[in-house]
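Grab your viewer and have a go before reading on.

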Amino acid sequence: MAPDCLFCKIIAGTIPANRVYEDEFCIGFPDINPQAPTHLLIVPKEHLASLAKADPEHTPLVGHLMAAATEIARSQKLSNGYRIVVNTGEDGGQTVHHLHLHLLGGRPMLWPPG
Ligand code: 5GP
Ligand code: ZN
């Protein structure tokens with residue numbers, strides 16, 4: 001838990017979020033500013049500032065987040081496809097410095113992304 005971290009506060013329950021998914025290691029909840037009909041954030045319970053801060057010891061956790069995202073995509077009926085995004089660092093457009101996956105679906109995605 002990092003004291004000034006928004007996602008740590010959501011995990012602790014001091015800031016509300018609709019947990020559509022939860023397991024021992026992560027939670028999933030809707031993004032407050034959705035960019036697609038389905039836009040969920042998958043967030044590890046452990047505070048890790050970004051993917052760039054992941055050490056080899058975090059490899060199972062990162063894999064778990066991907067597996068959870070896939071499971072959530074199934075439960076959200078995103079059978080036509082979806083996109084998983086991990087904004088990392090300043091050039092990556094990361095604004096909340098607690099690792100998270102964006103799960104976007106319900107419309108065709110564009111490439112290249114902006
Ligand atoms: P990033 O830009 O770091 O990849 O993604 C952070 C995301 O967190 C943004 O898409 C933003 O809309 C979302 N967000 C920011 N504050 C809140 C909040 O208080 N609650 C929820 N559910 N999402 C938030
Ligand atoms: Zn945090």
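**Exercise 1.** Work out which element gives the most residues to the shell around ligand 1.

*Solution.* Helices (H or I, at least four residues) and strands (E, at least two) are DSSP runs here, numbered from the N terminus. Next, list the elements that supply at least two shell residues each: α1 (6-12) and β2 (26-30). Then take the whole shell: 16 residues surround ligand 1, with P30, D31, N87, T95 and H102 the closest; a residue is near if one of its heavy atoms lies within 4 Å.

Before moving on, some ground rules: this is a predicted model, where local features need pLDDT of at least 70 and side-chain atom pairs count only at pLDDT 80 or more, while totals for chains, interfaces and linings use all residues. Residues are numbered from 1 along each chain as its sequence is written, chains are lettered from A and ligands numbered from 1 in the order in which they are written, and side-chain values use heavy atoms, with hydrogens and water left out.

**Exercise 2.** Find the polar contacts (N or O pairs within 3.5 Å) that N87, G93 and T95 make with ligand 1.

*Solution.* Go residue by residue.
- N87 uses a polar side-chain atom, 2.8 Å from a ligand 1 oxygen.
- G93 has a polar backbone atom 3.3 Å from an oxygen atom of ligand 1.
- T95 puts a backbone N or O atom 2.7 Å from a ligand 1 oxygen.

Now for the cover: on its own, ligand 1 has 520 Å² of accessible area (Shrake-Rupley, 1.4 Å probe), and the protein covers 82% of that.

**Exercise 3.** Which peptide bond is cis, with omega near 0°?

*Solution.* Look at the step from W111 to P112: that bond is cis. P112 belongs to the segment after β5 (101-105).

Terms used
Polar contact = N/O pair within 3.5 Å; in protein donor to acceptor, adjacent residues only side chain to side chain.
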